[in-house]
Each structure stands twice: as C-alpha cells, then as structure tokens.
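Try each task before you read its solution.

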Amino acid sequence: MTLDLFLRNAMIVHPDVGVTPGSIGVKDGRIAAVLAPGVRLDATEEVDCGGRWVMPGLVDPHVHFGFGSPETDFATETRSAALGGVTSVLSFHRSQDPREGLVAVRQRAMEQACIDVGFHFGITHRLHVDTLVEASKVFGVTSYKLYLMYKGQAGLSKGFTEIDDGLLYAAMLQTLRIPGGVLGVHCENVEVIPVLRDPLRREGRTGLGAWDDQSPDFLEAENVHRVAYFAGKTGCPVNIVHLSSREALEEVRRHRSYHKARITVETCPHYLSLTRESPCGVLAKVNPPVRSQPDVEAMWEGVLDGTVTTVGTDHVPRKRETKQEIWSSTMGFPGVATMLPVMITEGHHRRGVPIERIAAVTSANAAKVYGLKGKGQIAPGYDADLVMVDPDAERVVDAANLESFADYSPFEGMALKGWAHTTWLRGRKVVENGAITEEARRAPAGRYLARPA
Ligand SMILES: [Zn+2]
C-alpha cells in the first residue's frame, strides 16, 4: 500500500495520554498507521515534522458564524479557524423554526467552509422544544443551547417571550429522548443584573470592571446551580457553556459529588487569560464577563483536575467599530484563530499544563461530548485532521493576519507561542507555513458534521 501522506519525525500528542515520537501514515483522508520512529512506509508525499508536535485538529464547539457577515462568514471564519489549527467547529443556529431556517445556512456553509462544520440549535421558545426530536433527526443535530440570559425583560428586545424555567425543564425532558443529546445552557441570572447595573451607569462607571460588576460571579453560579439541580432531577446531560468564574466551577463540583446526571463544563480561552484589568478593555466585552486573576487561575485548575471538559472560543466576528464603549457595544469577539497559541502560551509555557491535557480539552473531549465520530484522536481509522505546532515559535497577534471578517482581536499586541504551522483536514493541507493554502481558498472542501440522532 502506498500512503497519500507520511508525517515523520513527529512528537505525536495523544489527548490525556502523552507525547510519543513517531510517524503518522494517511490514506484516503484517514489515519492509516501510527508508527514508531524509524519505520518507513511509501507515500506520495512525505513531510519531515522536525520534532514538532502533531496534535489532533482542534474541535471548537462554540462559534457564532453568521454574526459578522452572514453571506461570507463560513468562508472567512473557517479560514481563520484553520489558521488556528481548528479543523471542526460547531456553530450556533437560531431561527424561528430550524426545520426551515437551517436548510439555507447549511448549504452556504458547505459551499464556503474549508473545515468541517456542524451546528447546535438555539432554544428560545416552545416550538423549538416541541419540534426538537424531529429537527434533530432531520439535521443530525444532538446539542442545543438555552439562553437563560434572555429571560423575561432581557429577552423582549430580541423578541424572546417564552424563556423561563418551565422552558428549561421541558427542554431537558425532550433532550433525554434524543440519543447522545446534550443541553447547553447560558448561565447568568439576568433578572438581577438591572438592579446592579443601573446604579453603576448612574455613577458613570465604564470599562470591563463595570461590566463584571453588573453581572458578578454569583449570578452565574446561581444559574449553574439551577441547571445542575434540574439535571439531577431529570437525568438530562447538561453542558454549562462558557463558564467563567471560580464560584460557578465550585457549584459544578458540588453537584457532581452528589448526583449522577452528566454535567460537562466548557470554558473559553478568554476566561483562561484575560481579566477585567486587561488592556484590551471594551474589546473583551462578553457575557459572562471576563473576571479577575483568581478566576483565571481557578479555570486552569479546572482544566488540570478535569472539572473543565472542553474549551470553546465563543467566536463572534464583528467589526471593531461595534466595540466603542462598554454599555452600548456589542457582545463577544473573535477568538477561533488564537485559541491554540493562547492555550499553549498561558497553559503550557506559563503554568506547565501538559500539552496532552490541552489536546484533550481542545479536541478529544469535544468530539466525545458532541458525538463527532472520527475526530479528536490520532489513531488508525480516525480522520486525518492534524495540526503541526512549533511550541516555541512566537508571533505577535495582529488581526490583519487572521483571515477573519473581524478587524480586531482582544489579544492583539500579545506575543504568543504555539501557532499552527501546518493544518490538514482529512489529509488535505489547508494551512502551510502559517498561511491558508491556495487550494483551500480556491476549493474549500469542508464537510457537514451530522450526528446520529
Ligand atoms: Zn456564544
């Protein structure tokens, strides 16, 4: 057998297992062999990895493609992802009725994406719950997100009138009927926020500190409690998305210690690196807010001890002009291109987090939680989604080089190590020498990530 691709002289990163020297053989888009150093096989193309890490392509389970430029986001943002070593994303889809709304979006994604793309459904009203089983089967979508952030008054401006604890509970009951189903929840007690926010605004407070003070850690922890408690009663697997604070992490640990319902936790690169004092200021406005240094350290502890299951970016690719001052600017920011170097710089280099642990939270665990078959491992039979990383190569973040529709990054100006050198999607080179290949640009070949529902 002649291989299509042979990667030799690699330090192969096996999530949660370790790093072993060796070679990887690829045939027909899949990993055909993982070999000890020195063993050679014939291949059409051979790459000398020069002792660099080869990791499973990253799986970013939290992106909002379409929030920047709906017509072109799947082109620009999948390129930005590939530059960051990300080979699979799950993007949030919210429409009145996804049975109709997702058709055109999925088609556009498949025309434009240079990496693999799947979706989560946003749950904002009763129809979503009532049609969940059907819509999940039609599209192969087994993960959902309910926005407690848009309860009551807070939802009105977006046209959401049906988000309450009843909707949450009903969504859990329906999720239980779907094989592999998992209900994500945005946890922030939005009913209390105005009580804290109004005086801050009257006092003229601005900046990230004010943003944190209007929605402090305990409002997140209270919602985490509510969701985890209902999960214990219903048995529904729940996923706390973009968890930001030590207080909320403690709540997860407490619930995990006394009931068996599966609670998974996602945090984001920004909660592992930025604080309310960070110089990027309003560029890092997001819900939940970035917190304080002890929270950042607590998130890393969570990564190390397994409390944190996955890391997702919450990537929102809007323009800088929408991020002017704290109260009126848009929520969220781009992050899919910088996840890997942030994790390696802040985790591996600064805190000694083993790279195999970083690989687990950035690929293998998301593949498991979301039922993405063939993703997240370097082993025979898996998709040849691979990223070669030079752990010490340093580059200063410059949004101009990140391919995104967004023209800024909250990490800009930071010197980060651990950028993707080469990214392969099913054996096809989409990034080489830190740049998108012409082939990936000309003929994007991302596939739709359907999951059996
Ligand atoms: Zn989000």
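**Exercise 1: a cavity between domains**

The lining of the largest cavity takes at least three residues from each of domain 1 (3-53 + 383-442) and domain 2 (56-369), with domain bounds that come from an automatic or database domain assignment. Before going on, note that this is a predicted model, where local features need pLDDT of at least 70, side-chain atom pairs count only at pLDDT 80 or more, and totals for chains, interfaces and linings use all residues. Residues are numbered from 1 along each chain as its sequence is written, and side-chain values use heavy atoms, with hydrogens and water left out.

Task: list the residues that line the largest cavity and sort them by type.

Solution, step by step:
- A cavity is a set of points on a 1 Å grid over the protein atoms alone where a 1.4 Å probe fits but cannot get out; lining residues have an atom within 4 Å of a point.
- The lining consists of Ser80, His315, Pro334, Gly335, Val336, Ala337, Thr338, Leu402, Ser404 and Ser409.
- Sorting gives four nonpolar, six polar and no charged residues. Here Ala, Val, Leu, Ile, Met, Phe, Trp, Tyr, Cys and Pro count as nonpolar, Asp, Glu, Lys and Arg as charged, and the others, Gly among them, as polar.

**Exercise 2: aromatic pairs**

Task: find how Phe119 and Tyr448 are paired.

Solution, step by step:
- Rings of Phe, Tyr and Trp (its six-membered ring) pair if their centres lie within 6.5 Å; planes under 30 degrees apart count as stacked, over 60 as edge-to-face and the rest as tilted.
- By this rule there are nine aromatic pairs.
- Phe119 and Tyr448 make a tilted pair, with 6.2 Å from centre to centre and 35° between the planes.
- Ring pairs also join Phe65, Phe74, Phe119 and Tyr448 into a cluster.
- Both Phe119 and Tyr448 are buried (under 20% relative accessible area, with exposed over 50% and partly exposed in between; 1.4 Å probe, protein chains only).

Now for a second pair.

**Exercise 3: charges over rings**

Task: which ring does Lys145 lie over, and which does Lys285?

Solution, step by step:
- A charge sits over a ring if NZ of Lys or CZ of Arg is within 6 Å of the ring centre and within 35 degrees of the ring normal.
- Lys145 lies over the face of Phe92, at 4.7 Å from the ring centre.
- Lys285 lies over the face of Trp211, at 4.3 Å from the ring centre.

Technical notes:
On a 1 Å grid over the protein atoms alone, a cavity is a set of points where a 1.4 Å probe fits but cannot get out, and a pocket is an open set with protein on both sides within 12 Å along at least five of seven lines; lining residues have an atom within 4 Å of a point.
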